[in-house]
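Open the model in your viewer and keep the selection tool handy. We will go from stop to stop, picking residues and looking at what surrounds them.

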Amino acid sequence: MTKIVFMGTPNFSVPILEGLITAGYEVLAVVTQPDRPVGRKKVLTPPPVKEAALKHDLEILQPEKISGSPEMARVLELAPDLIVTAAFGQFLPESLLNAPTFGAVNVHASLLPKYRGGAPVHYSIMNGDKETGVTIMRMVKKMDAGDILTQRAIPIEDNDNVGTMFDKLSQVGHDLLLETIPELLAGKLTPIQQNDEEATYSPNISREQEQIDWQKTASEVDCQVRGLFPWPVAFTMNQDTRWKIQGGFVGEETTEQAPGTIVAVNKKDFTVACGDGSVYHVTTIQPAGKGALTAQEFLNGVGRQTAVGDQLN
């Protein structure tokens, strides 16, 4: 039986771990990030992969930094045939990558060499891409630069956001990994070297990227909102008040008002002028200090002062 050490952290990684277990691989241990404080009350919360590992009574290792740690020594002691990572969130040292008989492979949520880095799904939606996918790649010391073992593309639908795409890509990663491992172990794969000149990058999202630029067209604003939901969530400012914008749609009407101007307030939404005379309808909003509200709930409550002519920025 092939012995595997799995490394992953968020919900994206869980179906991939579960797939290895269901397929009959011997998962010797699960390495994941330490528990972190979450929410306003800073409740110490285990990562989703840890919760999944607990259900299967697997050994769990949670190093703050794996390189040179006792947890890394434990992985080496376990002597796995293969290391599988999926959104683990840490770099692995070369000595660890080269230790298993079949090395280490990563399930990456992009069509490499496009979007190397930690936020490929966010960037693919924000940039208006029509497709993304999953790459199973050999891990090397350089970030996401290893040879491609297998790759599968899927479309990005007009109503997809980061949450829905992560769910889809997680299932694709699950399927593709289970198809790839037997071929890898049998030596039947021909790795494809990445063309570094075609590489693009997807660094972590900055606070500046979260703020909506109403000078952009409504389609671009829509991509930004969907590309940042459900985390970290796009926002706009109404004077000194922050509004997180969770959902909306591109309107068919046009306007001559300046970008950022509220041009209509209806019962179900309010409409904001964007670049090139386009408009964006806000349908779901989270005002500062509140939970998510439909635009109707917002306009009937905390946002009842919202009016045509208000300027957002």
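Select Glu64 to begin: Glu64 is exposed, with a relative accessible area of 54% (exposed means over 50%, buried under 20% and partly exposed in between, using a 1.4 Å probe and protein chains only). This is a predicted model, in which local features need pLDDT of at least 70 and side-chain atom pairs count only at pLDDT 80 or more, while totals for chains, interfaces and linings use all residues. Residues are numbered from 1 along each chain as its sequence is written, and side-chain values use heavy atoms, with hydrogens and water left out.

Helices (H or I, at least four residues) and strands (E, at least two) are DSSP runs, numbered from the N terminus. Arg36 itself is partly exposed, at 35% relative accessible area.

Next, select Glu59 and Arg74, whose side chains meet in a salt bridge (2.8 Å, N to O). This pair also links distant parts of the chain, with Glu59 in strand S5 and Arg74 in helix H3, 15 residues apart. Glu59 counts as partly exposed at 28% relative accessibility, and Arg74 counts as partly exposed at 27%.

Glu77 is exposed, with a relative accessible area of 57%. Show the three residues together: salt bridges that share partners join Glu59, Arg74 and Glu77 into one network. How many salt bridges does the model hold by this rule? The count comes to 11 salt bridges.

Now for a nonpolar stop. Select Phe91, Met143 and Tyr201, which form a nonpolar patch on the surface with about 320 Å² of accessible area together. Patches are made of residues with over 30% relative accessible area and no salt bridge; like charges are joined within 9 Å, and nonpolar side chains (Val, Leu, Ile, Met, Phe, Trp, Tyr) within 5 Å. The areas come from the Shrake-Rupley method with a 1.4 Å probe, and for residues only the protein chains shown count as cover. Zoom in on Met143, in the loop between strand S8 (131-138) and strand S9 (148-155). Met143 is partly exposed, at 32% relative accessible area.

Move on to Gly187, in the loop between helix H6 (162-185) and helix H7 (207-210). Is Gly187 buried or exposed? At 60% relative accessibility, Gly187 counts as exposed.

Finish with the cysteines. With a disulfide taken as a pair of cysteine sulfur atoms within 2.5 Å, the count comes to zero disulfides. Select Cys223, which is in no disulfide; its nearest cysteine sulfur, that of Cys274, is 12 Å away. Cys223 is buried, with a relative accessible area of 14%, and Cys274 also counts as buried, at 1% relative accessibility.

Methods. Salt bridge = Lys/Arg side-chain N within 4 Å of Asp/Glu carboxyl O.
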